[in-house]
Amino acid sequence: MVGIVGYGAYVPRCRIRVEEIAKIWGADAESFKRGLLLREKSVPAPDQDLITMSVEAARYALKRAAGLDPKELGAIYIGAESHPYAVKPSGTVVAEAIGATPDIHCADYEFACKAGSEAMFVTLGLVQADYVKYALAIGGDTSQGAPGDALEYSTAAGAAAYIMGRDRVLAEIEHTHSYTTDTPDFWRRDLQHYPQHGGRFTGEPAYFKHVTACARALFEKSGTKPGDFKYAVFHQPNGKFPQRVSRMLGFTQKQIDQGWLAPTLGNTYSGSSPMGLSAILDVARPGDRIFMVSYGSGAGSDGFIWKVTERIVEVQNLAPQTRQQLEHKPRYLDYGTYAKFRRKIRKAEKV
Amino acid sequence: MITARYWREMPQRYRYEAGKCVKCGYVAFPPRLICPVCQAREFQTVTLANTGKIETFTVIRVAPSGFEDEVPYAMAVIKLDDGVQVTAQVVDVDLDEIKIGDRVRVEFRRISQDGEAGVIFYGYKFVPA
């Protein structure tokens, strides 16, 4: 049996409300709250980035993989679009911090919002092929939206880590599928600070087409239907898209509620559906089936069907749970502090 | 901080590794070559506890170079649950509420960077437990 041996998610403490952003740009907060189902989003502190969040998520995953020696990890892959270095891997820092070096394969992935599920996909394959005994996949981001752009209301920070292996499995992988086309709905050119996007083009031909096509292929491969799953989780660029796509596919609100974090977390990009999955695993019971489809602009979707095992109940309380972190004493920022934290203020060059 | 020094100090900055004197049990953090208690030279690597309490603290309002944008921030002496004392920043805390005796736990954070184009230095800070 191949699957998840340990998992963990990390949510920064800082938040900013939709009203606070809308106030600065003269926008109607209610239309964003109603239209995109967003209330607030997480913000990284100035001393937090993809690497720091990945280390914390990986440490939580190791706690839930009770007794796993980090030296047994044969691979570490981190998927993000906000790697702190343009050249120098994030994975080496994380591997060193958790004590997994030096006998480990390491690579950073990038595929807009699905780089995290890519890492999960590849680590599952390596374990399945017996190339490595255990492998660590991390998805996370400190995503940036241009000031005043619609993206600024959703771009958030967080990370989730998954250790894949053959024994001590807490959720078995039953089926996977990937669906990819060349669809330029969202991009960031080299050396550009903020991404650009195709506005409404990011909807039907991009997010909805890829998520539904991947999901339908997964139904066909596995011979399943929405009613066979206790939970479902999709990429969450905002609150509305995953809700709408779940209805298109025949899932109910009850099936997506637990992993539907976007209304108060925002879009953590490569961390999005992996963090939603972590919130589901926090409450799942043995035998539950979980349907997961990510989405990354550019564009593609990775689909997974997980079946939760008996071991889940032993590990859920071994590390902080995702919704606990989301709800525990958030620190709300005003826009000025947020702009400083996100380095949106241009300062004088030091001489 | 120069890159080579940062690289040498990774075991203590990243994984909180200390040296425990094999002869008298003194725990040196950061590790030392000679035990200041019994002068022995043999140490065993141990990992420090990741939780503790604030023994004392101060709020920095005039920061050293490289930390100017972080003011005001708290620096504290923290007594870890294994008895070792470390000095570190306490973050994610309201400075009006921080007090001696508060329980804290370690988190991995950015400490500083060698300018906008240089190496980023990571290490430990503490947050409310």
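Tyr269(A) lies in the loop between α9 (262–265) and α10 (272–281) of chain A. In this predicted model, the phi angle of Tyr269(A) is near 50°, a positive value in a residue other than glycine. Tyr269(A) counts as buried because 33 other C-beta atoms lie within 10 Å, where 20 or more are required.

**Positive phi at Leu191(A)**
- Leu191(A), which is not a glycine either, has a positive phi of about 70°.
- The residue sits in the loop between β9 (186–187) and β10 (196–197) of chain A.
- Leu191(A) is exposed, since it has 6 other C-beta atoms within 10 Å and the limit for this class is 12 or fewer.

**Cis peptide bonds**
- In chain A, Gly298(A) and Ala299(A) are joined by a cis peptide bond with omega of about 10°.
- Ala299(A) belongs to strand β13 (residues 298–308) of chain A.
- In chain B, the bond from Phe29(B) to Pro30(B) is cis, and its omega is near -5°.
- Pro30(B) is placed in the loop between β2 (27–28) and β3 (43–47) of chain B.

**Contact between chains A and B**
- Chain B contributes 14 residues to the contact and chain A contributes 15 residues.
- On the side of chain B that touches chain A, at least two residues each come from α2 (10–15), β7 (103–113) and β8 (120–128) of chain B.
- β7(B) provides the largest share of that side, with 4 residues.
- The side of chain B that touches chain A comprises 8 charged and 6 nonpolar residues, with no polar ones.

Conventions. Residues are numbered from 1 along each chain as its sequence is written. Chains are lettered from A and ligands numbered from 1 in the order in which they are written. This is a predicted model: local features need pLDDT of at least 70, side-chain atom pairs count only at pLDDT 80 or more; totals for chains, interfaces and linings use all residues. Two residues are in contact if their C-beta atoms, placed from the backbone, lie within 7 Å. Ala, Val, Leu, Ile, Met, Phe, Trp, Tyr, Cys and Pro count as nonpolar, Asp, Glu, Lys and Arg as charged, and the others, Gly among them, as polar.
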